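Thanks for coming, everyone. Please have a look at the model on the screen. I'll talk about strands first, then aromatic rings, then the core.

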Amino acid sequence: AKVSAVAEQAAFLLDVCKLIQKATELGFTVTGGELFRTAEQQAIYVKTGRSKTMNSIHLKRCAIDLNFFKDGKLTYDIPTLKPVGDYWESLHPKNQWGGNWKSFKDVPHFQRG
């Protein structure tokens, strides 16, 4: 049976809660970034090179960008955040961390898609 969009969004957000809790336990301070994105905003991101696709999972409310601070400093360092990203991917088979992507690294990006 196909999972409804609302059920998928709700399950995604429950995993986001677990992710933030785990990151906090690992010594990070986490703040929110972008969750939902309009098609118009996505088009701007593609045009300016911030994104490579018009098929972003943000459009489906199943992706979030988070900010991670360590010792008061914002970090996008992949080795530093790898335990967080790996934990995210362990929560559900459809969860992906942008820091593990091959061609285009999007470190603050966590999605179910």
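E2 and E5 run antiparallel, joined by three bridges. Keep in mind that this is a predicted model. Across that pairing, Ala63 stands opposite Gln111 in E5. E5 covers residues 109-112. Strand E4, residues 95-97, also pairs with E5. Again the run is antiparallel, and again there are three bridges. Here Trp97 stands opposite Phe110 in E5.

Which way do the residues of E5 point? His109 and Gln111 point one way. Phe110 and Arg112 point the other way. All four, Arg112 included, are buried.

Now the rings. The structure holds five aromatic pairs. Take Phe12 and Trp88, which form an edge-to-face pair. Their centres are 5.8 Å apart, with 90 degrees between the planes. Phe12 lies in helix H1, residues 5-25, and Trp88 in helix H3, residues 78-91, so this pair ties together parts that are 76 residues apart in sequence. Phe12 counts as buried, at 0% relative accessibility. Trp88 is buried too, with a relative accessible area of 0%.

Next, Phe28 and Phe68. Why is this pair edge-to-face? The planes of the two rings are at 85 degrees, and the cut-off for edge-to-face is over 60. The ring centres are 5.8 Å apart. Phe28 lies in the loop between H1 and strand E1, while Phe68 lies in strand E2, residues 63-70, so the pair ties together parts that are 40 residues apart in sequence. Both Phe28 and Phe68 are buried.

Phe12, Phe28, Phe68, Trp88, Trp97 and Phe110 form one aromatic cluster.

Stay with Phe28 for a moment. Lys70 lies over the face of its ring, 4.3 Å from the ring centre. Leaving aside neighbours within four places in sequence, the contacts of Phe28 include Ala23, Phe69, Leu81 and Val84. Elsewhere, there is another charge over a ring: the charged end of Arg61 sits over Phe36, 3.8 Å from the ring centre.

Last, the core. Which residues touch the most other members of the largest nonpolar core? Phe28, Leu66, Phe68, Val84, Trp88 and Phe110 do, out of 18 residues. H1, E2 and H3 are the elements that give two or more residues to this core. As background, nonpolar side chains in soluble globular proteins tend to be buried together.

That's the tour. Over to you.

Notes
Residues are numbered from 1 along each chain as its sequence is written. This is a predicted model: local features need pLDDT of at least 70, side-chain atom pairs count only at pLDDT 80 or more; totals for chains, interfaces and linings use all residues. Side-chain values use heavy atoms; hydrogens and water are left out. Rings of Phe, Tyr and Trp (its six-membered ring) pair if their centres lie within 6.5 Å; planes under 30 degrees apart count as stacked, over 60 as edge-to-face and the rest as tilted. Buried means under 20% relative accessible area, exposed over 50%, partly exposed in between (1.4 Å probe, protein chains only). A charge sits over a ring if NZ of Lys or CZ of Arg is within 6 Å of the ring centre and within 35 degrees of the ring normal. A nonpolar core is a set of buried Ala, Val, Leu, Ile, Met, Phe, Trp, Tyr and Cys residues joined through side-chain atoms within 4.5 Å. Contact means heavy atoms within 4.5 Å. Two strands pair if DSSP finds at least two bridges between them.
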